[in-house]
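Please open the model in your viewer and keep the selection tool ready. The stops below go from charged pairs to pockets and end with the annotated segments.

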Amino acid sequence: MVRIAEHNDWVVYCILGSIFAYIIVLSVFNRDANIKDFLTQKIEDSNNLTPSWTIISIVRSVMIAVLLSQFVPVVPKFISDIQLFGVQLNKFGFAFLAVISFDIIKNLLTFFFYNSIGDGKNLKGLALISSKFYFLESIGLIIAGFALYFYPLDLVQYFYTIIIVLISLFVLKNLIYIFHKQAILPEKWYYKFLYICTLQIVPVLVLWKFLFY
């Protein structure tokens with residue numbers, strides 16, 4: 001039998017691309033700011049918030065896909081049957097499209113939700129705080145992804161560790177949203193409860209079911 005060695009060059013490309021994207025975010029969209037300046041930036045001083053938040057969200061989605069694709073059992077047949085120019089989605093492509101699609105849908109629903117209840121003014125604050133949190137989170141994901149593919153690890157134990165860490169970060173993010181001194185969530189408590197349940201918890205559960213059905 002001929003053993004085909006697995007090459008993880010694509011992981012290196014994802015990590016280097018993510019680092020390069022963050023260099024662009026700090027140097028171009030935030031006027032040569034360092035990480036500390038970016039994380040302590042106030043909402044009135046924020047510049048180019050939309051492109052910065054977009055790039056950070058994409059990097060986060062890429063690195064989540066890099067981590068989870070190692071553990072996704074199979075690519076669903078209705079997706080694997082779709083081929084563009086003879087190219088078929090692998091587990092990473094499937095995980096990335098799933099994560100980015102759910103992220104886009106969640107953000108669109110968040111936009112419509114905030115504007116429908118008259119709290120659209122808080123969207124900028126939500127985008128700024130989430131971009132800072134996702135920035136730090138994705139740095140951790142880059143380190144975790146590198147360790148997963150280039151160090152001999154117990155995959156089962158590592159998977160449970162990653163899931164626990166992601167759940168902890170999810171809880172921490174929502175606690176920051178709730179208790180942040182700046183108005184981020186809707187003012188009324190039942191809108192806050194509705195937002196967290198329907199636009200934070202439910203999308204995560206649906207995404208989990210979709211990836212690991």
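A salt bridge is counted here when a side-chain nitrogen of Lys or Arg lies within 4 Å of a carboxyl oxygen of Asp or Glu, and the structure holds four of them. This is a predicted model, in which local features need pLDDT of at least 70 and side-chain atom pairs count only at pLDDT 80 or more, while totals for chains, interfaces and linings use all residues. Residues are numbered from 1 along each chain as its sequence is written, and side-chain values use heavy atoms, with hydrogens and water left out.

Begin by selecting E137 and R60, which form a salt bridge whose closest N and O atoms are 2.5 Å apart. E137 sits in helix α6 and R60 in helix α3, 77 residues apart, so that the pair links distant parts of the chain (helices are DSSP runs of H or I of at least four residues, numbered from the N terminus). E137 counts as buried because its relative accessibility is 8%, and R60 is buried at 13% (buried means under 20% relative accessible area, exposed over 50%, and partly exposed in between, with a 1.4 Å probe and protein chains only).

Next, select D119, K121 and E187, which are linked in a network of salt bridges. K121 meets D119 with the closest N and O atoms 3.4 Å apart, and it meets E187 at 3.9 Å, N to O. K121 lies in the loop between α5 and α6 and E187 in the loop between α7 and α8, so this pair ties together parts that are 66 residues apart in sequence. Both K121 and E187 are exposed, whereas D119 is buried, with a relative accessible area of 7%.

Now turn to the largest pocket, whose volume is about 650 Å³ (a pocket is an open set of points on a 1 Å grid over the protein atoms alone, where a 1.4 Å probe fits, with protein on both sides within 12 Å along at least five of seven lines; lining residues have an atom within 4 Å of a point). Of its 25 lining residues, R60, L166, F170, V204 and L207 are the closest to its centre. Colour α8 (189-211), which gives the most to this lining, with eight residues.

Finally, select residues 12-29 and 158-177, two of the segments that an unreviewed UniProt entry lists as "transmembrane region"; such annotations may be inferred rather than shown by experiment. Residues 12-29 are 100% helix, with end C-alpha atoms 25 Å apart, and residues 158-177 are also 100% helix, with ends 28 Å apart.

Notes:
Helix = DSSP H or I, 4+ residues; strand = E, 2+ residues; numbered from the N terminus. Points joined across faces, edges and corners; volume = space filled by probe spheres on them.
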